[in-house]
Amino acid sequence: MSRAQARATVPVTIDGRQVKAVDGERILDLARREGVPIPTLCDLEGLSVHGGCRLCLVEVGEGARLHPACGTEISEDQQIRTDSPTLRDHRRRIVELLFAEGNHVCSVCVSNGSCELQTLATETGVDHIHYELEHPRHDVDASHPLFSLDRERCVLCTRCVRVCDEIEGAAVWDITQRGGESRLVAEMDVPWGEATSCTSCGKCVQVCPTGALSRRGSATGEMRHDPQIAAFLARAREHGEWIDRPPAPNGDGPRSGPKAGGS
Amino acid sequence: MDLRFTDAEPTAQERDLIEATVPRVEVVEHPGRVVRGGHDARSQRHLLLPALAAVQAGIGHVSEGALMEICRRLTVPPAEAYGVASFYALISTEPRPPRIAHLCDDVGCGPFGADEVIAEVQRRLGPAGASTDGSGWARSPCLGQCDRAPAAYLQRAGQEDAVVAGADVSDVDHLVAALDDHPVTAPAVTVPQQGEPGLRLLARIGSVDPTSLVDHRVHGGGEALRRALELGPDGVRAEVATANLRGRGGAAFPTAVKWDAVAAHDDPKYLICNADESEPGTFKDRVLLEGDPYRLLEAMTIAAYATGCRIGYLYVRGEYPVATRRLADAIATSRQAGLLGDDVAGAGFAFDVELRRGQGAYICGEETALMESIEGHRGEPRNKPPFPTDTGLFGRPTVVNNVETLLNVTDIVLEGGQAFAELGTRDSTGTRLFCLSGAIAVPGVYEVTYGETLGALLERAGGVTGELAAVLLGGAAGSFVTAEHLDVPLTFEATRERGLALGSGVVMPFDAGTDLGRVVARIAAFFRDETCGQCVPCRVGVVRQEEALVRYLSNGRETVELELLGDIDRAMTDASICGLGQTAASAVRSAIAQRLV
């Protein structure tokens, strides 16, 4: 942030309010600093931008063109609108589409109460799924001694892929196939427990927004994620500061201290 | 990064195929893990897709051992390489029949003979994916052979891939024999207007020998480059600006604006020729690539000279084997002749062309997905901005032009931008290629000066066979129009005014006997199969759209499905990352609005 603040500030308008933005920063960062809420799902501080969930779309300029706040840099005199009937409609639709794509049954989910999709549904006012539910059928991958993967709850946000690549440096995960067949897989589609590149660091579990990745043996509603770990580690690595951090809610996952971050 | 590989080993044959594509870089390996891959190995990541394609072409699938060997050489994590390999329809990570006939059942072939062929092939070779003595088949999206439907693309391990079409496919004996081992000779490239005066882009198609640099020169090749060198880079860009040349790939963006933006940047920067033509109903670029490859290389050289790019990538559709081979030969010959290399034509500037083959993914025709594909990643589009002219291939400024757009450049430099701008209308200058197929008397690629109406174009092609029901204009991402639209001039501005788009120049009429419901459903299925899956509105939307459409068609056109379709349409059109999702509802919407289904 100190480097960013050294850059020039430029005036922009966000929801009718004139504010000063740092030249080159993302609309999302500006909005957060200004206390303007924009819903997000795939975005996570500390990781690279994905831009896939489209929940953070905002209207930019006279023509109200839609741009993702996570992947769009501000520019001088930009007019940004973060809330409108159109945007609310789109956000609700996107959350609905996600619910229709997977098996998101909150009452039996390990992440009930600690699920960003669940929170988004509340925030965007989803009270009914208009689309036919797809009811995908995937086996739960419980081959790992500490964690498990339930692909029926995966929203393909790629946070796990990115945290494993960019912070842990193990590159265990990726998406295979494409379109509606897209699936999260470990290495070349091996059971997680057989993935020799996995360091069992648990960062993927911590950043997962839903109950797709969880600590093995969690009961319904018992899983508590800790997505802020990504930002903490990214900052710590950048500045060489490994300040003590309270342990993760489950007591597992990466601890603070110089050993965090794997190799 | 600490990469771990399994000990899966390639066979000797797989190793040889990889060796030929990926030069070995010193990699220090401890048991089970690479300690130092080094920058040299990682910087070859762009060879990932060519390496996968080489193994696929040689063996018929990419085994774990082959994939692991590629990962070791390029220091790519196995998960990423697997994600890339599984993204492309022409690459298989599982064993499959070594010989596969990809049978087009898309809008240009399905109603025009392919359905019967597929039924007969199924009777002989069993269900799709099964192997009968090493032969199998699969359904395929449009293969860009619509003027000679029905069409098949033959992937044959260890042999050259090939395309057969028309009577050679309808005669299933011939098709199955060709799949086995018969060499397939490419038919001569022809266009219906051959010999007509006033042709520009098509002027040499059918008369110039596409395999001969000498014949290219005999037919005036090289003159445009000489003129460009006289004009200088700024002069060439000024002529292109005066010509008001706009992109022919679908987005109609002013070419000079892209060129000026990239010219202003420092090296390294790149030129990309987008030859990944795969919009259903489109085959103009195939005709140009097969019929006049040297002219394209000359046009690319001029574009590179005008923008200061030293490296050009020519990304050609994987299902175009004839075009690929002719381009590869033309590039090699041009290098020998000093027309590509460190000192192009002795003029003191460097430019070379790398040929890349797509591997079966419509989305890679989207310019940023194409760049991801070249870089060795999954073909997923990037958010824009930043635009490729600032941050493109390998993060550097990049010009991306379609084949037809680039070919216009040779005439523009030869006759001047002003003369070009006088053709057509004020906003649509020059000529335009249209791909006529379907229920039309004389299918093929037609070149007309901008301004001709849809009706006149159909008459030019001999008229619609049977009673006109609808015309698919602009491709699967375009719209259906009816007899009411025959008076529309085919220009950017006139089509936009009527809420239409020229897209990639598809003009596909259907007669009253065609089941348009099936045609529209096929378009919905096309997008379901071709979405990359990166963004939610498109990934989920195209699946839901197809389901709702099929229910709408079979359940007596219920209003509830219409509401759902409208809802999905809005989400995809407004909220998707790229043009695929933004146009995936267009044809469905237009068909329903005009009560064609």
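Predicted model: local features only at pLDDT ≥ 70, side-chain atom pairs only at ≥ 80, totals over all residues.
A residue counts as buried here when its relative accessible area is under 20%.

**A buried arginine in chain A**

Take A:Arg153 to begin with. Its relative accessibility is 14%, so this arginine counts as buried. You'll find A:Arg153 in the loop that runs between β6 (147-149) and α5 (159-168) of chain A. Setting aside neighbours within four places in sequence, A:Arg153 touches A:Asn103, A:His104, A:Val108, A:Cys109 and A:Val110, and also A:Thr210, A:Gly211 and A:Ala212.

**How chain A is put together**

Chain A splits into domain 1 (3-83) and domain 2 (89-236). Going by C-alpha atoms, the centres of domain 1 and domain 2 of chain A sit 26 Å apart.

The rule finds one salt bridge across the interface of domain 1 and domain 2 of chain A. As for salt bridges in chain A, A:Arg235 and A:Glu45 pair up through their side chains, at 3.1 Å from N to O. By class, the side of domain 1 that touches domain 2 in chain A has 12 nonpolar, five polar and three charged residues.

**Two interfaces side by side**

The size of an interface is often given as the accessible area lost when the parts come together. Here are those values for the domain contact and the chain contact.

| Interface | Buried area | Share on carbon and sulfur atoms |
|---|---|---|
| Domain 1 of chain A and domain 2 of chain A | about 1700 Å² | 61% |
| Chain B and chain A | about 3700 Å² | 55% |

In chain B, the residues that lose the most area to chain A are B:Tyr82, B:Arg539 and B:Arg544, which together make up 16% of what that side buries. In residue terms, the domain contact in chain A brings together 20 residues of domain 1 and 24 residues of domain 2. The chain contact takes 46 residues from chain B and 44 residues from chain A.

**Where chain B meets chain A**

Across the interface of chain B and chain A the rule picks out five salt bridges, along with 21 residue pairs in polar contact, both residues at pLDDT 80 or more. B:Asp567 forms a salt bridge with A:Arg93, with the closest N and O atoms 2.8 Å apart. On the chain B side that touches chain A, the elements giving two or more residues are α4, α5 (78-85), α20 (516-530), α21 (536-554) and α22 (559-575). Sorted by class, the residues on that side of chain B come to 24 nonpolar, eight polar and 14 charged.

Why call helix α4 (residues 64-74) of chain B largely enclosed? Because 10 of its 11 residues are buried, the rest of the structure largely encloses α4 of chain B. Among the buried ones are B:Glu69, B:Arg72 and B:Arg73.

At 2% relative accessibility, B:Thr495 counts as buried. Leaving out neighbours within four places in sequence, B:Thr495 is in contact with B:Val488, B:Pro489, B:Leu500, B:Ala501 and B:Leu502. B:His485 is 10 residues from B:Thr495 in sequence and 9.8 Å from B:Thr495 in space, C-alpha to C-alpha.

Key: Residues numbered from 1 in each chain as written. Chains lettered and ligands numbered in written order. Heavy atoms only, no water. Domains from an automatic or database assignment. Contact = heavy atoms within 4.5 Å. Buried area = accessible area lost by both parts, 1.4 Å probe. Salt bridge = Lys/Arg side-chain N within 4 Å of Asp/Glu carboxyl O. Nonpolar A, V, L, I, M, F, W, Y, C, P; charged D, E, K, R; others polar. Helix = DSSP H or I, 4+ residues; strand = E, 2+ residues; numbered from the N terminus. Buried < 20%, exposed > 50% of the residue type's maximum accessible area, 1.4 Å probe, protein only. Polar contact = N/O pair within 3.5 Å; in protein donor to acceptor, adjacent residues only side chain to side chain.
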